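Work through the exercises below with the sequence and the model open. Each task is followed by a solution in steps.

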Amino acid sequence: MSGIREVSEVRRFERVGAHTHIKGLGLDENLKAVRIKDGMVGQEKAREAAGLVVEMIKQGKLAGKCIILAGPPGTGKTALAVAISRELGPHVPFIQLSASEVYSAERKKTEVLVEAMRKAIGVEIHELREVYEGEVTDLKFNMVPHPYNPYQKVPESVRIRLRTTEEERTVEAGAHIAEQLIAYGVTEGCVIQIDAETGRVVNLGLCAESEKAKLYEIDARRRVPRPSGKVKKQKEFVYTLTLADLDELHARRRRGGLFSLLFGFGAESREIDPEVRAAVDEEVKRMVDEGRAFIHPGVLFIDDAHMLDLEAFSFLSRAMESELSPIIILATNRGFARIRGTDVESPFGFPLDLIDRAVIITTEEYDEDTIREILRIRAREEDIAVDEEALEELTRIGARTSLRYAVQLLSLAAQNARVAKRDRVEVEDVRRVSELFMDVGEAAEYLRKYEEKMMKH
């Protein structure tokens with residue numbers, strides 16, 4: 001007999017990342033930046049510009065355009081992109097990609113880019129299907145001997161009595177549906193849904209008004225209300241896929257073949273044929289014209305975009321002119337730099353014709369007040385208690401070196417305090433880890449000091 005014990009606290013998977021504290025852009029109803037809101041501090045001008053971008057994305061008026069986030073390292077460009085994704089919500093695809101990933105994959109760089117772009121375009125499909133839906137009040141299987149094993153019985157058919165709030169109806173179904181009912185553990189009191197065309201069965205849960213629901217005090221099955229309306233009805237189903245998902249479905253359908261069906265050879269490594277993508281685009285456009293689908297242009301964010309070469313930039317420029325194109329955000333910390341693959345110097349290391357198509361949002365270096373507030377938010381996010389004196393010391397270090405280094409020292413100082421059996425981070429913890437670790441400037445000074453003794457490649 002299984003035992004049940006009460007658990008006082010349920011632990012869930014939790015991992016604190018670099019931008020987990022960001023909940024949005026921190027704007028008011030007039031799209032004006034609040035100094036400290038939603039985990040964002042400072043960069044008011046950039047946040048307000050991003051707010052206008054978000055509104056245009058939601059209205060579908062920014063597709064096919066490019067946004068450049070430019071600023072020194074550690075000034076919140078990635079944080080701004082994450083905040084944009086939070087504002088857009090779960091229904092708008094947001095794909096984050098580093099430029100180095102384009103070259104590290106075992107495929108053509110244009111293939112990697114086009115797949116990322118199509119992952120950033122959502123397609124909301126609405127489909128009307130005829131279904132049988134209701135609470136199972138009676139369930140009788142007709143069992144027959146197995147054709148190859150007479151000692152084993154298999155279901156030949158099933159009779160199901162379904163009840164809704166308006167009617168009760170008995171239906172008969174064949175072996176395919178009977179096998180699904182057994183496999184999904186459907187019993188009397190369950191609410192099920194049977195697709196009249198495909199015969200697919202869905203066990204929605206236990207009916208909250210059924211006798212079985214009142215019989216057991218504890219039951220692992222989800223409680224659902226008894227369906228309303230008729231037993232046989234037309235019901236709208238909504239699926240949200242991306243263009244990349246549709247490409248893969250159509251490609252697998254076209255590949256076919258004995259080896260593909262039995263072993264799935266080549267399903268992951270082969271590139272999608274351009275003809276498949278063209279067919280998918282035509283199908284999506286037809287469904288949109290018929291009102292059966294809606295397109296949600298999302299965002300493709302490419303970090304360290306200056307690492308892309310001229311061929312990749314040319315491909316992005318051409319792809320932006322397509323009817324089905326996401327919003328592309330390129331982040332860079334370069335000033336005037338050589339375009340990869342050429343000897344031409346250009347702003348941000350981007351081609352001038354791409355810059356002409358883009359709107360540019362810049363970020364500024366953080367001042368001491370902003371660094372202090374960001375450190376305070378990070379301490380709260382990581383559940384670290386910090387003395388004010390220790391926070392001031394971290395703020396001075398961040399202003400002298402960088403915000404990223406100060407955030408790293410915060411976590412190290414918290415670990416040092418735990419080792420010393422203290423509940424709060426004190427200034428001596430910060431000073432100790434500051435002596436033990438180096439920032440970029442100190443590391444460069446160290447290398448210059450021992451330059452003659454260090455090995456060169």
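Predicted model: local features only at pLDDT ≥ 70, side-chain atom pairs only at ≥ 80, totals over all residues.

Residues are numbered from 1 along each chain as its sequence is written, and side-chain values use heavy atoms, with hydrogens and water left out.

**Exercise 1. The chain**

Task: describe the secondary structure, burial, contacts and surface of the chain.

Step 1. The chain has 16 helices and 19 strands; these are DSSP runs (helices H or I, at least four residues; strands E, at least two), numbered from the N terminus.

Step 2. Of its 457 residues, 41% are buried, where buried means under 20% relative accessible area, exposed over 50%, and partly exposed in between (1.4 Å probe, protein chains only).

Step 3. Take contacts (heavy atoms within 4.5 Å). Among those between residues at least 6 apart in sequence, 65% join residues at least 24 apart.

Step 4. The chain exposes about 27,200 Å², of which carbon and sulfur atoms supply 50%. Areas are from the Shrake-Rupley method with a 1.4 Å probe; for residues, only the protein chains shown count as cover.

**Exercise 2. Strand β9**

Task: which strands does β9 join, and in which direction do they run?

Step 1. Strands pair if DSSP finds at least two bridges between them.

Step 2. β8 (residues 190–195) and β9 (residues 201–207) run antiparallel, joined by 5 bridges. Cys-190 has Leu-206 in β9 as its bridge partner.

Step 3. β8 and β9 form a hairpin with 5 residues between them, and Gly-199 in the turn has a positive phi of about 80°.

Step 4. β9 and β10 (residues 223–224) run parallel, joined by 2 bridges. Here Cys-207 is partnered by Val-224 in β10.

**Exercise 3. Thr-332**

Task: is Thr-332 buried or exposed, and what does its side chain reach?

Step 1. Thr-332 lies in strand β14 (residues 327–332).

Step 2. Its relative accessible area is 1%, so Thr-332 is buried.

Step 3. The Thr-332 side chain reaches the backbone nitrogen of Arg-334 at 3.1 Å.

Step 4. Leaving aside neighbours within four places in sequence, Thr-332 contacts residues including Ile-68, Leu-69, His-306, Phe-348 and Phe-350.

**Exercise 4. Tyr-450**

Task: where does Tyr-450 lie, and which residues make up its nonpolar surface patch?

Step 1. Tyr-450 is in the segment after α16 (440–449).

Step 2. Tyr-450 counts as partly exposed because its relative accessibility is 31%.

Step 3. Met-438, Tyr-446, Leu-447, Tyr-450 and Met-454 make a nonpolar surface patch of about 460 Å².

Notes: Patch = residues over 30% accessible without salt bridge, like charges linked within 9 Å, V, L, I, M, F, W, Y side chains within 5 Å. Salt bridge = Lys/Arg side-chain N within 4 Å of Asp/Glu carboxyl O. Polar contact = N/O pair within 3.5 Å; in protein donor to acceptor, adjacent residues only side chain to side chain.
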